[in-house]
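Please work through the exercises below with the sequence and the structure at hand. Each task is followed by a solution that goes step by step.

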Amino acid sequence: MKYKSNTIGNFLKIQRQTQNLTQKQLADIFNLTCTQFVSNWERGICLPPANYLPKLCQVLNIERKTLINLILAKTEADLDSHFKTSSAKEKKNGTK
């Protein structure tokens with residue numbers, strides 16, 4: 001699966017809206033102090049904590065495998081970008 005920028009965030013936002021939940025309501029379900037946490041997930045700034053994922057799947061009616069595949073694709077894309085950045089720096093500095 002090719003990862004596109006903010007795929008997980010957009011997906012979570014759509015799923016939340018499909019369930020007719022506000023960011024505040026979702027934050028309350030997880031006993032979060034503010035909606036900023038949910039906003040950060042939806043904007044792709046960070047992922048929900050791993051221990052939230054089972055409940056998130058349940059609340060947003062998401063298949064576990066779907067969310068896992070999105071997270072794996074993002075992780076792979078993030079790692080690839082670090083390797084590419086590292087390789088470019090090594091070439092520039094003449095090291096491997």
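**Exercise 1: the surroundings of Leu32**

Find the residues that Leu32 touches, leaving out residues up to four places away in sequence.

Solution. Taking contact as heavy atoms within 4.5 Å, one finds that Leu32 touches Ala27, Phe37, Val38, Trp41 and Tyr52. This is a predicted model, in which local features need pLDDT of at least 70 and side-chain atom pairs count only at pLDDT 80 or more, while totals for chains, interfaces and linings use all residues. Residues are numbered from 1 along each chain as its sequence is written, and side-chain values use heavy atoms, with hydrogens and water left out.

**Exercise 2: the aromatic cluster**

Determine how the rings of Phe30 and Trp41 are arranged, and which residues form one aromatic cluster.

Solution. Rings of Phe, Tyr and Trp (its six-membered ring) pair if their centres lie within 6.5 Å, and planes under 30 degrees apart count as stacked, over 60 as edge-to-face and the rest as tilted. Phe30 and Trp41 stand 6.1 Å centre to centre with 85 degrees between the planes, so the pair is edge-to-face. Next, Trp41 and Tyr52 have ring centres 6.1 Å apart and planes at 80 degrees, so this pair is edge-to-face. Together, Phe30, Trp41 and Tyr52 form one aromatic cluster.

**Exercise 3: buried or exposed?**

Decide whether Phe30 and Trp41 are buried or exposed.

Solution. Buried means under 20% relative accessible area, exposed over 50%, and partly exposed in between (1.4 Å probe, protein chains only). Phe30 has a relative accessible area of 9% and is buried, and Trp41, at 5%, counts as buried.
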